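Open the model in your viewer and switch to a surface display. This tour visits pockets, one stop at a time.

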Amino acid sequence: MIKAHKSRAELKREVKDTFRGNWLEAIKLNLVPVILGVIVLIMVGVMAGKGYFYFLKESINNFEFSSIREINSNQQTSGGSTLGGFVAALVTTGIMYTSLNWLRTKQVPESSLKGAFAVFTKKYFIGVFATTLLLRIFTFLWTLLLIIPGIIKNYAYSQANFVFKDLADSNNGESISYLDCITKSRQLMVGNKWRLFILQVSFIGWDILACLTAGIGFLWLIPYKNATYAAFYADLVD
């Protein structure tokens, strides 16, 4: 029998009902990605306003030196961006774990800031690190073939870390196969990739509005989005 899933409106209503009266705790839980998001927004605005005239002038006047310097700079920036993005993904996963527990138990986390770093514990860290690394490798390999298959696989693998959390919470010290977590995610997402895509698209209007508030709106929006994605997973399995 095909399971009847909650609509987008129902998922969002569940999150708003859970956070009602506790939005400050939700904001504190998501404070790290909110701050990073605002910083990135400010940097993009500054770079767009400043332009690259000075850079172009220096490149023309001293092409050879600038080219060598640019290559080294790009390599350092690329490595830093990759590492920073990976760490940010781990933090976001921890936030979603705490959000998922909050949705399931209806109990406010004892320490919101501690909950933001839930992944960085003995129970979760190695598994989430390994699973996230495998997800990135697999998605990258699929993207090498064509962009569209890479995007599709990204949605198919999107629930793997949630699957790992439930297994880590329920097992009795038994080893967990990270590949099995990815396989289970693919199974869960059969017929549900489009649902997740539309759910994400439904936040675009709020994203634009948050940008227009100089990033202040993200204080409310990021907790709302992260919890809604956790609710999406809970709806798949609970």
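Start with α5 and α6 (112-116): each supplies at least two residues of the lining of the second largest pocket. Keep in mind that the model is predicted.

Colour the lining by residue class next. You get eight nonpolar, seven polar and three charged residues.

Move on to the largest pocket. How much space lies in it? About 920 Å³. Select A89, T92, T93, M96 and S158. They are the closest to the centre among the 31 residues that line the largest pocket.

Next, bring up the helices around the largest pocket. Each of these supplies at least two residues of its lining:

- α3 (31-50) and α5 (63-105)
- α7 (125-145), α8 (147-156) and α9 (160-170)
- α11 (193-201) and α13 (218-237)

Highlight α5 again. With eight residues, α5 provides the largest share of the lining of the largest pocket.

Finish by colouring the lining of the largest pocket by class. It divides into 18 nonpolar, 11 polar and two charged residues.

Terms used: Residues are numbered from 1 along each chain as its sequence is written. This is a predicted model: local features need pLDDT of at least 70, side-chain atom pairs count only at pLDDT 80 or more; totals for chains, interfaces and linings use all residues. Side-chain values use heavy atoms; hydrogens and water are left out. On a 1 Å grid over the protein atoms alone, a cavity is a set of points where a 1.4 Å probe fits but cannot get out, and a pocket is an open set with protein on both sides within 12 Å along at least five of seven lines; lining residues have an atom within 4 Å of a point. Grid points are joined across faces, edges and corners, and a volume is the space filled by probe spheres set on the points. Helices (H or I, at least four residues) and strands (E, at least two) are DSSP runs, numbered from the N terminus. Ala, Val, Leu, Ile, Met, Phe, Trp, Tyr, Cys and Pro count as nonpolar, Asp, Glu, Lys and Arg as charged, and the others, Gly among them, as polar.
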